Every structure is written in structure tokens, then in C-alpha cells.
Amino acid sequence: MLASPFAVETIDRQQNLIVTRPQTGFCLRGRIRIPGDKSISHRALMLGALATGETQIQGLLLGEDPRSTASCFRAMGAEISELNTDLVRVKGIGLGQLQEPADVLDAGNSGTTIRLMLGILASHPERFFTVTGDSSLRSRPMSRVVKPLQQMEAQIWGRKGNSLAPLAIQGQNLKPIHYQSPIASAQVKSCILLAGLMTEGKTTVTEPALSRDHSERMLQAFGAQLSVDPQTHSVTVTGPAQLQGQQVVVPGDISSAAFWLVAGAIVPDSELVIENVGVNPTRTGILAALEMMGADIQLENQRVVAGEPVADLRVRSGGLKACTIAGDLIPRLIDEIPILAVAAVFASGTTIIRDAAELRVKESDRLAAMATELNRMGAKVTELPDGLEITGGTALRGTEVDSYTDHRIAMSLAIAALNASGTTTISRAEAAAISYPDFIPTLQQVCQ
């Protein structure tokens, strides 16, 4: 092993990751076990709190976002043991039995926590809730879930026409609706389905394209009466429901695996195996995109764990070629576009990413952030209104870049720095802990 090319500098609680590429270069080798899937971790905690009986969760993600979910539901009466990856016990209090909290609920940086929780809170009659988050979350649009909930006769108030947190919710007996969602969004779909759990009758969501289906799989596992029409991209829940505590095994998060898939593909002479990755077909857009780019990726040891398909992913380095990423593929890889932009920098030709305007309202404007920071390193990236145009083949050079306190930007820039000459300093790299607390130690472990 070489002396570590990585250093972490802490200034006023801010962490800067310093990556210095040796002149002889390095390769990536080893087996990696990634954190639990963030989407499934959130849903397991929420449904466990709403169910009767005990839910046992193995492999929970220990990032800051699931901690926010656990904290909110503890404040409303659910008993949730200390979070760990081995076993978390959730003693649910039953659907409709959440208590009115004594204080404001804090969703931290987690859009999933606040948006899914709104559907639950709005359908708890005669209880009042207030929910907020950090400065980033308070700037992110909530109208996409507030408006359909208002169609169900929910009472929700907030800033800028009820579109920004903090939000106040007066729980109601809601009415069922058939919501034609203008966007394919698992958060929107899940919010409405969760509201429908306590709503008499059939609540249906129809999407323009298929979004990730973790909520549907888990709701059915917990006993909700759910029907799915894949032809029309529609899901219907019949309420009121009865949920029963379950045993949940959380697979590894493919969004976290994406960083290693790209790293293994672009760093010469590399070979990595990422173990126990969830390969739910609504989440494997990253595999489809990298396959189009010519990446050498194999799925091994394919199996089904607790209703979710799982595999080990082996990636070997090799030349990549440009492609176009757009249309129905986008909902299946929306969180992976920042790291796909890094892959495109090292692909021959010009890669076009379109239909991804959703990235402008994530933890940061991810399109602007990736274009700005990659260009600062010497790449050729042009912002489009709904995507990016990336001309590959330009050598990157180390410089100072910023994470925008966005976990996916921080990790994407760290992977780009592996192939940049000299030294790259990524400021505010502590953001990676939101979804991947061990990202930097794992990076140190696989670099040889």
C-alpha cells in the first residue's frame, strides 16, 4: 500500500477532503459492503411505527436522514431502539394512533422524511403537527405533495403559498382521490398512498413513468391492500388499512454503489466487488446507463431478500463511450446523475443528459453544481435547462471545489479527483455522512 493519498482537514466543524493523486497513479481493488438503502430504511421505520406489533430491521442505514425519521416518529409515540446496522426494534402504536408532538418535528436535511410524513400527518384527525428542516430543506418545494393532499381535503399551511417549510398540519378525515401526477416521483406517490392508508375507499396514483416501487413492496409486506397496474403506471391502496409489524432486511443502496461502479470503471487497472446491492428494477437505471457507456459490470450471486432483489456487482476498468440519458430512464437513476456526469467526463464523445430538471430542486441545484465544479477541474460541461452536455476526454487537474453541503456532490467530486492530476480539495465534504458515513474510510481502503 502507498502512503494514503487522502487527508481530512477540519476547520470550524467543516471537513475538507484533500485528494492527492500520486504521479505513478493508483488502482482500486477490494470488496466493499455499502450502507443500507436509504429509501427502504425510511419506509421501514415509518411503517414499523404505524403498524401494530414489533418490526425488526436489519441493515438499516445509519446516515443522518434515517435518524431524522426515527426522531420524528419517537416524538409521536413510537418506540424505536437505538439505531444500528445489526437489529433495530420498532414497537408500533397502530395506524391512526400517532400522538400530537409537544414540539416542532425536525426532518433535518431529509426530503423523504418530510414529504412522506406529510401524508401520514394530514390523515390523523384532531391532531396538530408542525414540521421543519434545515436551511436546505426549507428551500425545497413541498407543493408537489401539498397540492394533492389538499385535493384530499388536507389542511396544510406554510410559507410561499403553502409550498415551503416550516409547515403546519391540522389532521383530517381525508377523502380518496385518483391523482394524475405530472412527474414520476416516488416521494409524491408514497405520500399519497400513505395518506390513503387511513382514508375510506380507494386512493390511486398514476404516474407518467414508473418511479421506484419500494413503498408498494413494503406496504404489501405489512398487510396493506394494494393493487398495481404496470400498464398505466398506477397504484391503488384501499383504506382503512391494517398494518402488522414485520421483519425487514435492508439491502445495500445502489445509489451508494454507483460511486464505486463509476470509480472502478474510470480508474485504470481497477476491479471492485460491491456486495449485497439492491437491484430493484425501478432503481437499476445506473446499470443501464453504464452498460450503454460500455462499462464492464457483472451481476453475481443474484437472490431475493425480504422481497427485494439483491446481487453482488463486479466492476472492472475499461474505456467508456458517450451516450444519451433521457426519458423514462431518468426516474430510475435521478440520484445517480451527478456521478454519471463524472463517468461522462472520462468517456469518449459527447454525453447528453436531458429530462432531469428535477435535479435543480434537490439538496442543491445538482445540474449547476456539477457543471460548475467539474469545469473548475478542467472538464467541458454545458448546462442545459433540464440536463447537461458533457464532452469527454479532457484531462482533469486538481483544484479547490465545493460540495454545496450536498452528499452526492461531495462524493461525486471525490471520485472525479481520483483521475485528476495534482491535489483536489473538496470543501464541506462532511456532507457525505448524510447517506454514507464511511465513504472516506472506504475510499482509503480500496486505493492501492
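A pocket, on a 1 Å grid over the protein atoms alone, is an open set of points where a 1.4 Å probe fits, with protein on both sides within 12 Å along at least five of seven lines. In this predicted model, the largest pocket holds about 620 Å³ of space, a volume being the space filled by probe spheres set on the grid points, which are joined across faces, edges and corners. Local features need pLDDT of at least 70 and side-chain atom pairs count only at pLDDT 80 or more, whereas totals for chains, interfaces and linings use all residues. Residues are numbered from 1 along each chain as its sequence is written, and side-chain values use heavy atoms, with hydrogens and water left out.

**Largest pocket**

- The lining comprises 36 residues, and Ala184, Ser185, Ile334, Glu358 and Lys362 are the closest to the pocket centre; a lining residue has an atom within 4 Å of a point.
- Two or more lining residues come from each of helix H1 (38-50), helix H3 (111-122), H6 and helix H12 (407-418), where helices are DSSP runs (H or I, at least four residues) numbered from the N terminus.
- H1 gives the most to this lining, with 4 residues.
- By class, the lining of the largest pocket has 17 charged, 10 polar and 9 nonpolar residues (Ala, Val, Leu, Ile, Met, Phe, Trp, Tyr, Cys and Pro count as nonpolar, Asp, Glu, Lys and Arg as charged, and the others, Gly among them, as polar).

**Second largest pocket**

- The second largest pocket has a volume of about 380 Å³.
- Its lining has 20 residues, with Arg33, Ile34, Pro35, Gly36 and Thr85 nearest the centre.
- This lining divides into 10 nonpolar, 7 polar and 3 charged residues.

**Helices H4 and H6**

- The axes of helix H4 (residues 143-151) and helix H6 (residues 186-196) come within 9 Å and cross at roughly 30°; axes are lines fitted to C-alpha atoms over the stretch in contact, and angles run from 0 to 180 degrees between N-to-C directions.
- That angle makes H4 roughly parallel to H6 (under 35 degrees).
- Arg144, Val145, Pro148 and Leu149 of H4 meet Gln187, Val188, Cys191, Ile192 and Ala195 of H6, contact meaning heavy atoms within 4.5 Å.
- The H4 contact with H6 has 7 nonpolar, 1 polar and 1 charged residues.

**Helices H8 and H10**

- Helix H8 (residues 254-266) and helix H10 (residues 337-345) have axes that come within 9 Å and cross at roughly 5°.
- H8 and H10 are therefore roughly parallel to each other.
- Ala258, Phe259, Val262 and Ile266 of H8 are in contact with Ile339, Val342 and Ala343 of H10.
- This contact has 7 nonpolar, no polar and no charged residues.

Key: Parallel < 35°, antiparallel > 145°, perpendicular 65-115°, else oblique.
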